[in-house]
Amino acid sequence: MTDTALTIAISSTALFDLSESDDIYRDEGLEAYRQYQIEHEDILLSPGEGFPLVKKLLNINKLLNKTKVEVLLLSRNSADTGLRVFNSIRHFELDITRAAFCGGLSPYRYVRAFNCDLFLSTDAEDVRQALDENVAAARLLAQANSNRTSNVVDEPLRLAFDGDSVLFSDEAERVYQEDGLDAFSESEKEQAQTPLGGGPFKSFLGALHQLQQGFPEGSSPLRTALVTARGAPAHERVIRTLRAWDIRLDESLFLGGIDKTEFLRAFEADIFFDDQSAHCERAAPHIATAHVPHGVANEPD
(Lines give C-alpha, C1' and ligand atoms only; values in the text may rest on other atoms or scores of the structure.)
Protein backbone atom coordinates (compact mmCIF):
# COMPACT_ATOMS: atom_id res chain seq x y z
CA MET A 1 0.00 0.00 0.00
CA THR A 2 1.14 3.54 -0.74
CA ASP A 3 1.58 6.12 1.99
CA THR A 4 -1.39 8.13 0.77
CA ALA A 5 -2.86 11.10 2.58
CA LEU A 6 -5.99 11.19 0.43
CA THR A 7 -7.97 8.44 -1.32
CA ILE A 8 -10.72 9.33 -3.78
CA ALA A 9 -13.11 6.84 -5.35
CA ILE A 10 -14.98 7.81 -8.50
CA SER A 11 -17.55 5.98 -10.58
CA SER A 12 -16.90 5.28 -14.25
CA THR A 13 -19.91 7.43 -15.20
CA ALA A 14 -18.42 10.38 -13.30
CA LEU A 15 -14.94 9.97 -14.77
CA PHE A 16 -16.07 9.42 -18.37
CA ASP A 17 -19.12 10.26 -20.48
CA LEU A 18 -21.03 6.97 -20.69
CA SER A 19 -24.39 8.54 -21.57
CA GLU A 20 -24.60 6.87 -25.00
CA SER A 21 -23.94 3.37 -23.70
CA ASP A 22 -26.22 3.98 -20.70
CA ASP A 23 -29.04 4.77 -23.13
CA ILE A 24 -28.45 1.39 -24.76
CA TYR A 25 -28.63 -0.30 -21.36
CA ARG A 26 -31.94 1.37 -20.51
CA ASP A 27 -33.50 0.81 -23.95
CA GLU A 28 -32.14 -2.62 -24.89
CA GLY A 29 -30.95 -4.30 -21.70
CA LEU A 30 -27.77 -5.62 -20.13
CA GLU A 31 -26.66 -7.98 -22.88
CA ALA A 32 -26.96 -5.30 -25.58
CA TYR A 33 -24.97 -2.94 -23.34
CA ARG A 34 -22.30 -5.58 -22.77
CA GLN A 35 -21.98 -6.28 -26.49
CA TYR A 36 -21.84 -2.57 -27.32
CA GLN A 37 -18.99 -1.97 -24.86
CA ILE A 38 -17.00 -4.94 -26.17
CA GLU A 39 -17.45 -3.81 -29.78
CA HIS A 40 -16.35 -0.28 -28.84
CA GLU A 41 -13.64 -1.09 -26.30
CA ASP A 42 -10.93 0.39 -28.54
CA ILE A 43 -12.93 3.62 -29.01
CA LEU A 44 -11.97 6.17 -26.38
CA LEU A 45 -14.53 7.52 -23.98
CA SER A 46 -14.88 11.28 -23.65
CA PRO A 47 -14.10 12.93 -20.30
CA GLY A 48 -16.94 13.12 -17.80
CA GLU A 49 -17.86 15.66 -15.14
CA GLY A 50 -15.20 14.44 -12.70
CA PHE A 51 -12.34 14.19 -15.21
CA PRO A 52 -10.78 17.66 -14.64
CA LEU A 53 -10.87 17.17 -10.87
CA VAL A 54 -9.11 13.81 -11.17
CA LYS A 55 -6.41 15.30 -13.42
CA LYS A 56 -5.62 18.00 -10.85
CA LEU A 57 -5.69 15.55 -7.95
CA LEU A 58 -3.22 13.21 -9.63
CA ASN A 59 -0.98 16.11 -10.61
CA ILE A 60 -0.33 16.70 -6.90
CA ASN A 61 1.70 13.47 -6.86
CA LYS A 62 3.89 14.83 -9.65
CA LEU A 63 4.50 18.02 -7.71
CA LEU A 64 5.50 16.05 -4.63
CA ASN A 65 7.33 13.36 -6.60
CA LYS A 66 5.58 10.79 -4.41
CA THR A 67 2.13 9.23 -4.21
CA LYS A 68 0.09 11.13 -1.65
CA VAL A 69 -3.19 11.07 -3.57
CA GLU A 70 -4.79 7.92 -4.90
CA VAL A 71 -7.76 7.82 -7.24
CA LEU A 72 -9.53 4.51 -7.74
CA LEU A 73 -12.50 3.38 -9.77
CA LEU A 74 -15.74 1.96 -8.33
CA SER A 75 -18.03 0.84 -11.11
CA ARG A 76 -21.29 -0.99 -11.75
CA ASN A 77 -19.67 -2.39 -14.90
CA SER A 78 -18.31 -5.91 -15.03
CA ALA A 79 -14.59 -6.36 -15.67
CA ASP A 80 -15.56 -7.42 -19.20
CA THR A 81 -17.37 -4.17 -20.04
CA GLY A 82 -14.94 -2.18 -17.89
CA LEU A 83 -12.04 -2.87 -20.25
CA ARG A 84 -13.08 0.13 -22.34
CA VAL A 85 -12.89 2.32 -19.24
CA PHE A 86 -9.35 1.18 -18.46
CA ASN A 87 -8.31 1.65 -22.09
CA SER A 88 -9.47 5.27 -21.81
CA ILE A 89 -7.67 5.68 -18.47
CA ARG A 90 -4.46 4.51 -20.11
CA HIS A 91 -4.91 6.84 -23.10
CA PHE A 92 -5.36 9.90 -20.87
CA GLU A 93 -2.39 8.81 -18.75
CA LEU A 94 -4.37 8.77 -15.52
CA ASP A 95 -2.48 7.00 -12.75
CA ILE A 96 -5.40 4.80 -11.69
CA THR A 97 -4.54 1.18 -10.94
CA ARG A 98 -7.16 -0.01 -8.44
CA ALA A 99 -10.77 -0.72 -9.33
CA ALA A 100 -13.86 -2.65 -8.28
CA PHE A 101 -16.19 -3.75 -11.09
CA CYS A 102 -19.42 -4.88 -9.48
CA GLY A 103 -21.37 -6.47 -12.34
CA GLY A 104 -24.49 -4.32 -12.07
CA LEU A 105 -24.53 -4.00 -8.29
CA SER A 106 -23.81 -0.83 -6.35
CA PRO A 107 -20.09 -0.37 -5.62
CA TYR A 108 -20.68 1.55 -2.38
CA ARG A 109 -19.86 -1.64 -0.41
CA TYR A 110 -16.18 -1.16 -1.17
CA VAL A 111 -15.70 2.46 -0.08
CA ARG A 112 -14.80 1.31 3.43
CA ALA A 113 -12.59 -1.55 2.27
CA PHE A 114 -10.53 0.85 0.14
CA ASN A 115 -10.41 3.35 3.04
CA CYS A 116 -11.83 6.09 0.83
CA ASP A 117 -11.94 9.70 1.98
CA LEU A 118 -14.43 10.67 -0.76
CA PHE A 119 -16.74 8.90 -3.20
CA LEU A 120 -18.00 10.73 -6.30
CA SER A 121 -20.71 9.28 -8.50
CA THR A 122 -23.55 10.31 -10.79
CA ASP A 123 -25.86 7.77 -9.11
CA ALA A 124 -27.86 9.32 -6.26
CA GLU A 125 -28.62 6.01 -4.53
CA ASP A 126 -24.99 4.88 -4.55
CA VAL A 127 -24.07 8.21 -2.96
CA ARG A 128 -26.72 7.89 -0.23
CA GLN A 129 -25.55 4.39 0.60
CA ALA A 130 -21.94 5.56 0.87
CA LEU A 131 -23.04 8.39 3.19
CA ASP A 132 -24.79 5.76 5.32
CA GLU A 133 -21.38 4.11 5.62
CA ASN A 134 -20.06 7.41 7.06
CA VAL A 135 -17.96 8.16 3.98
CA ALA A 136 -18.02 11.60 2.37
CA ALA A 137 -19.95 11.18 -0.86
CA ALA A 138 -21.61 13.42 -3.42
CA ARG A 139 -23.47 13.19 -6.72
CA LEU A 140 -21.83 15.08 -9.56
CA LEU A 141 -24.34 17.11 -11.56
CA ALA A 142 -24.23 17.54 -15.30
CA GLN A 143 -22.75 20.83 -16.49
CA ALA A 144 -24.31 22.66 -19.40
CA ASN A 145 -21.80 23.31 -22.20
CA SER A 146 -18.84 22.34 -20.00
CA ASN A 147 -15.34 21.88 -21.39
CA ARG A 148 -14.14 18.96 -19.32
CA THR A 149 -10.52 19.23 -20.38
CA SER A 150 -10.18 23.01 -20.05
CA ASN A 151 -8.85 23.43 -16.51
CA VAL A 152 -5.13 24.12 -16.28
CA VAL A 153 -3.57 21.20 -14.40
CA ASP A 154 -0.70 23.24 -12.97
CA GLU A 155 -3.04 25.75 -11.29
CA PRO A 156 -4.13 25.10 -7.67
CA LEU A 157 -7.00 22.72 -7.07
CA ARG A 158 -9.80 24.76 -5.50
CA LEU A 159 -12.48 23.01 -3.47
CA ALA A 160 -15.48 24.87 -2.04
CA PHE A 161 -17.79 23.55 0.67
CA ASP A 162 -21.09 24.54 2.17
CA GLY A 163 -21.09 24.41 5.95
CA ASP A 164 -24.21 23.03 7.62
CA SER A 165 -25.03 19.41 6.67
CA VAL A 166 -21.74 19.15 4.72
CA LEU A 167 -18.73 20.10 6.85
CA PHE A 168 -20.88 20.43 9.98
CA SER A 169 -23.84 18.48 11.30
CA ASP A 170 -27.35 19.63 10.45
CA GLU A 171 -28.19 20.55 14.08
CA ALA A 172 -28.27 24.29 13.35
CA GLU A 173 -29.98 23.83 9.99
CA ARG A 174 -32.80 21.97 11.75
CA VAL A 175 -33.44 25.00 13.94
CA TYR A 176 -33.59 27.21 10.84
CA GLN A 177 -35.91 24.84 8.96
CA GLU A 178 -38.25 24.34 11.91
CA ASP A 179 -38.29 27.78 13.58
CA GLY A 180 -36.97 30.31 11.04
CA LEU A 181 -34.05 32.70 10.65
CA ASP A 182 -34.51 34.69 13.87
CA ALA A 183 -34.57 31.55 16.00
CA PHE A 184 -31.53 30.20 14.14
CA SER A 185 -29.55 33.42 14.67
CA GLU A 186 -30.42 33.56 18.36
CA SER A 187 -29.57 29.90 18.88
CA GLU A 188 -26.18 30.24 17.16
CA LYS A 189 -25.42 33.38 19.17
CA GLU A 190 -26.20 31.56 22.43
CA GLN A 191 -24.10 28.54 21.40
CA ALA A 192 -21.19 30.44 19.89
CA GLN A 193 -18.75 28.77 22.32
CA THR A 194 -20.10 25.25 21.61
CA PRO A 195 -18.47 23.51 18.62
CA LEU A 196 -20.80 22.12 16.00
CA GLY A 197 -20.86 18.39 15.41
CA GLY A 198 -19.04 17.05 12.39
CA GLY A 199 -20.86 16.55 9.10
CA PRO A 200 -20.16 13.90 6.44
CA PHE A 201 -17.26 15.92 4.97
CA LYS A 202 -15.40 16.65 8.21
CA SER A 203 -12.95 13.77 7.76
CA PHE A 204 -12.39 14.62 4.09
CA LEU A 205 -11.60 18.24 5.01
CA GLY A 206 -9.19 16.94 7.63
CA ALA A 207 -7.45 14.77 5.03
CA LEU A 208 -7.13 17.77 2.71
CA HIS A 209 -5.67 19.82 5.55
CA GLN A 210 -3.15 17.05 6.28
CA LEU A 211 -2.14 16.95 2.62
CA GLN A 212 -1.63 20.72 2.59
CA GLN A 213 0.82 20.41 5.47
CA GLY A 214 3.22 18.58 3.15
CA PHE A 215 3.93 21.82 1.29
CA PRO A 216 5.80 24.93 2.44
CA GLU A 217 3.50 27.74 3.50
CA GLY A 218 2.08 29.57 0.52
CA SER A 219 3.02 26.89 -2.03
CA SER A 220 0.25 24.29 -1.61
CA PRO A 221 -1.48 23.23 -4.85
CA LEU A 222 -4.72 22.98 -2.85
CA ARG A 223 -7.03 25.78 -1.74
CA THR A 224 -10.18 25.24 0.30
CA ALA A 225 -13.09 27.58 0.92
CA LEU A 226 -16.16 27.62 3.09
CA VAL A 227 -19.02 29.22 1.15
CA THR A 228 -21.98 29.50 3.49
CA ALA A 229 -25.28 31.34 3.65
CA ARG A 230 -24.50 32.13 7.29
CA GLY A 231 -23.74 35.69 8.30
CA ALA A 232 -23.08 37.46 11.59
CA PRO A 233 -23.77 36.55 14.37
CA ALA A 234 -23.84 32.93 13.18
CA HIS A 235 -20.24 33.15 11.92
CA GLU A 236 -18.61 32.89 15.35
CA ARG A 237 -19.67 29.32 16.07
CA VAL A 238 -18.24 28.18 12.73
CA ILE A 239 -14.87 29.82 13.39
CA ARG A 240 -14.65 28.35 16.88
CA THR A 241 -15.69 24.91 15.57
CA LEU A 242 -12.85 24.85 13.03
CA ARG A 243 -10.42 25.96 15.75
CA ALA A 244 -11.62 23.11 17.97
CA TRP A 245 -11.04 20.67 15.12
CA ASP A 246 -7.59 22.17 14.44
CA ILE A 247 -8.49 22.45 10.76
CA ARG A 248 -7.72 25.51 8.64
CA LEU A 249 -9.65 26.69 5.60
CA ASP A 250 -7.89 29.02 3.19
CA GLU A 251 -10.97 31.19 2.65
CA SER A 252 -14.30 31.60 4.45
CA LEU A 253 -17.20 33.43 2.83
CA PHE A 254 -20.13 34.32 5.10
CA LEU A 255 -22.72 35.51 2.59
CA GLY A 256 -25.76 36.16 4.77
CA GLY A 257 -28.15 34.57 2.30
CA ILE A 258 -26.71 36.03 -0.95
CA ASP A 259 -26.62 33.61 -3.90
CA LYS A 260 -23.34 31.69 -3.90
CA THR A 261 -22.75 31.29 -7.64
CA GLU A 262 -20.80 34.47 -8.41
CA PHE A 263 -18.62 33.97 -5.35
CA LEU A 264 -17.82 30.42 -6.45
CA ARG A 265 -16.86 31.74 -9.86
CA ALA A 266 -14.67 34.41 -8.28
CA PHE A 267 -12.97 31.73 -6.15
CA GLU A 268 -12.56 29.72 -9.39
CA ALA A 269 -13.80 26.58 -7.68
CA ASP A 270 -12.98 23.30 -9.40
CA ILE A 271 -15.80 21.68 -7.45
CA PHE A 272 -18.47 22.83 -5.00
CA PHE A 273 -20.21 20.60 -2.44
CA ASP A 274 -23.63 21.60 -1.06
CA ASP A 275 -26.58 19.80 0.53
CA GLN A 276 -29.19 22.17 -0.91
CA SER A 277 -30.46 21.14 -4.35
CA ALA A 278 -31.41 24.72 -5.26
CA HIS A 279 -27.87 26.00 -4.59
CA CYS A 280 -26.42 23.15 -6.64
CA GLU A 281 -28.73 23.76 -9.59
CA ARG A 282 -27.79 27.45 -9.71
CA ALA A 283 -24.06 26.73 -9.57
CA ALA A 284 -23.93 23.71 -11.90
CA PRO A 285 -24.08 25.64 -15.22
CA HIS A 286 -20.91 27.49 -14.22
CA ILE A 287 -18.70 25.13 -12.19
CA ALA A 288 -18.49 21.43 -11.32
CA THR A 289 -21.05 20.92 -8.58
CA ALA A 290 -21.77 17.95 -6.33
CA HIS A 291 -24.93 17.45 -4.32
CA VAL A 292 -24.54 15.95 -0.83
CA PRO A 293 -27.92 14.31 -0.08
CA HIS A 294 -27.54 14.57 3.68
CA GLY A 295 -29.31 16.32 6.51
CA VAL A 296 -32.74 17.77 7.15
CA ALA A 297 -33.02 19.45 3.72
CA ASN A 298 -32.86 16.02 2.08
CA GLU A 299 -35.31 14.20 4.32
CA PRO A 300 -38.72 13.27 2.88
CA ASP A 301 -41.43 15.82 3.61
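Colleague: Where is the place of Glu93 in this model?

Modeller: In the loop between helix H5 (79-91) and S3. Keep in mind that the model is predicted.

Colleague: What is the phi of Glu93?

Modeller: The general idea comes before the case. Most residues other than glycine have a negative phi, and most peptide bonds are trans. Glu93 has a positive phi, near 55°, and is a residue other than glycine. Its relative accessible area is 69%, so Glu93 counts as exposed, the cut-off being over 50%.

Colleague: And Asn134: buried or exposed?

Modeller: Exposed, with a relative accessible area of 63%. Its phi is positive too, near 65°. Asn134 sits in the loop between helix H6 (124-132) and strand S5 (137-140).

Colleague: Which peptide bond is cis?

Modeller: The one from Ala232 to Pro233, with omega near 10°. Pro233 belongs to the loop between S7 and helix H10 (235-245).

Colleague: Now the sheet. How do I read the strand order?

Modeller: Strands of a sheet pair through backbone hydrogen bonds, either parallel or antiparallel. Here 10 strands form an open sheet with mixed pairing, in the order S3-S2-S1-S4-S5-S10-S9-S6-S7-S8. S3 (99-101) and S8 (251-254) are at the edges; each has a single partner strand, so one side of each lacks a neighbour in the sheet. From one strand to the next, the twist averages 20°.

Colleague: How many bridges join S2 to S3?

Modeller: Three, and the two strands run parallel. Leu74 is opposite Ala100 in S3.

Colleague: What packs on the sheet?

Modeller: Helix H4 (residues 51-64) does, at about 145° to the direction of S2. Helix H9 (residues 202-212) packs on the sheet as well, its direction making about 145° with that of S7.

Technical notes: Residues numbered from 1 in each chain as written. Predicted model: local features only at pLDDT ≥ 70, side-chain atom pairs only at ≥ 80, totals over all residues. Heavy atoms only, no water. Pairing = 2+ DSSP bridges. Helix = DSSP H or I, 4+ residues; strand = E, 2+ residues; numbered from the N terminus. Axes fitted to C-alpha atoms, helices over the stretch in contact; angles between N-to-C directions. Contact = heavy atoms within 4.5 Å. Buried < 20%, exposed > 50% of the residue type's maximum accessible area, 1.4 Å probe, protein only.
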